[in-house]
Amino acid sequence: MLRTLVALVALIATVATAEDVDGKKLFASGRKKAEGLSKKLARRGLSLEQGDEIPENFQKDIDAIVELFTRSADAGYVEAQHALGGFYNVGYMVPEKDDVAAAEYFRLAAEQGKAESMSNLATMYKDGVGVEQNFEKALELYNQAYDAGNDMSGFNLAAMHANGIGTEKDLYKARELLEGILGFQGAPEALAQVESMIATEEKREL
């Protein structure tokens, strides 16, 4: 019985590893096709990134890329899950923008520790886009992403603390967060604003 159980555990581990490898390969194939498509379009002066209208004869290429990314994500590959979250979040390459699908793919990637997905999902919870608005969940995810080194999450956390969104207003906490991400675009200017707000409040207390 014990030998059978050990064999079963080993089999599950082997399958999980195989899925991960397959997901990575599928994602790599999708990226390669996407790069090839970008080159084809560039020769015509077109770009998916810029939202140009793409000729119908390229739709097969686009569908193939999305299919590869989807199969990769379904196999559990985190980079594909994060990428698809972005695709559906802005309506890029997919038939239409789908915030619910975006939130689900970001959730899958976030659960695997992808900081950027945590940050994106936190914003969706903060704004109530694709999910029910939940400031507590937004703060939790922003904190997790920030602890994982995501500066954008630190910036958004600072904004929530400075404005009392989903938490008590705390300008000192906002200042602390901004001081830790001074290399992030907009952080020095935001810090100056918070410093000014603190100075104003401290004058009132005198």
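User: Which residues are buried in α9?

Analyst: This is a predicted model. Buried means under 20% relative accessible area. In α9, that applies to Ala187, Ala190, Leu191, Val194 and Ile198.

User: Where do the buried residues fall, seen down the axis of α9?

Analyst: The buried residues of α9 fall within an arc of 100° when seen down its axis, so they line one face of the helix.

User: Which exposed residues does the face of α9 turned away from its buried side carry?

Analyst: Exposed means over 50% relative accessible area. That face of α9 carries Gln193, Lys203 and Arg204.

User: What covers the buried residues of α9?

Analyst: The cover includes α7 and α8, the latter being residues 171-179.

User: What should the residues of helix α9 span?

Analyst: The expected span is 1.5 Å times one less than the number of residues. Helix α9 has 19 residues, 187-205, so it should span 27 Å; its end C-alpha atoms are 27 Å apart, which agrees.

User: How many residues does helix α6 have, and what should they span?

Analyst: Helix α6 has 13 residues, 135-147, and should therefore span 18 Å. Its end C-alpha atoms are 18 Å apart, in agreement with that value.

User: Which residues of α6 are buried, and what covers them?

Analyst: Ala138, Leu139, Leu141, Tyr142 and Ala145 are the buried residues of α6. Their cover includes α5 (115-127) and α7 (151-163).

User: What is found at the start of α6, and what just after it?

Analyst: At the start of α6, a side-chain oxygen of Asn134 comes to within 3.1 Å of the backbone nitrogen of Glu136. Just after α6, Gly149 has a positive phi of about 100°.

Definitions and conventions
Residues are numbered from 1 along each chain as its sequence is written. This is a predicted model: local features need pLDDT of at least 70, side-chain atom pairs count only at pLDDT 80 or more; totals for chains, interfaces and linings use all residues. Side-chain values use heavy atoms; hydrogens and water are left out. Helices (H or I, at least four residues) and strands (E, at least two) are DSSP runs, numbered from the N terminus. Buried means under 20% relative accessible area, exposed over 50%, partly exposed in between (1.4 Å probe, protein chains only). Contact means heavy atoms within 4.5 Å. A polar contact is a pair of N or O atoms within 3.5 Å; within protein, one must be able to donate a hydrogen and the other to accept it, and residues adjacent in sequence count only if both atoms are side-chain atoms. The arc is that of the directions from the helix axis to the C-beta atoms.
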